[in-house]
Amino acid sequence: MQEQILNGGNGSNGGSGMEIRVARLESQLDKVGEQMTGVRVNLATLTERVGHLPSKGFIVTANLTAIALIAALLTFGDKICALVS
């Protein structure tokens, strides 16, 4: 049964456009290979860019420091104004 499908069902050993269909599939496979190369390049670019982003620890530390400075200003604002005046 499988042999009849590959032979086009008429025993012509791949006739009836089989070579054309195989050539079309090979062409499409080449295009997919080229696209995969582009995907690899894009992935490498993204990986490099992500490597330069600030870490979670840096973001948490910066936010906690800012909150602490604001809290200190609110708490000691009157004393700071008295020292400046």
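Colleague: What share of the residues of the protein chain count as buried in this predicted model?

Modeller: Of the 85 residues, 5% count as buried; the term requires a relative accessible area under 20%.

Colleague: Why is Phe76 called partly exposed?

Modeller: The relative accessibility of Phe76 is 43%. Buried means under 20% and exposed means over 50%, so Phe76, at 43%, counts as partly exposed.

Colleague: How many helices and strands does the protein chain have?

Modeller: The chain has three helices and zero strands, and its pattern along the sequence is α-α-α.

Colleague: Where is confidence lowest, and where is it highest?

Modeller: Helix α1 (residues 2-6) is lowest, with a mean pLDDT of 52, whereas helix α3 (residues 56-84) is highest, at 94. For the chain, the average is 85, and 81% of the residues score at least 70. Where pLDDT is low, predicted coordinates should not be read in detail.

Methods: Residues are numbered from 1 along each chain as its sequence is written. This is a predicted model: local features need pLDDT of at least 70, side-chain atom pairs count only at pLDDT 80 or more; totals for chains, interfaces and linings use all residues. Side-chain values use heavy atoms; hydrogens and water are left out. Helices (H or I, at least four residues) and strands (E, at least two) are DSSP runs, numbered from the N terminus. Buried means under 20% relative accessible area, exposed over 50%, partly exposed in between (1.4 Å probe, protein chains only). pLDDT is the predictor's confidence in each residue, from 0 to 100.
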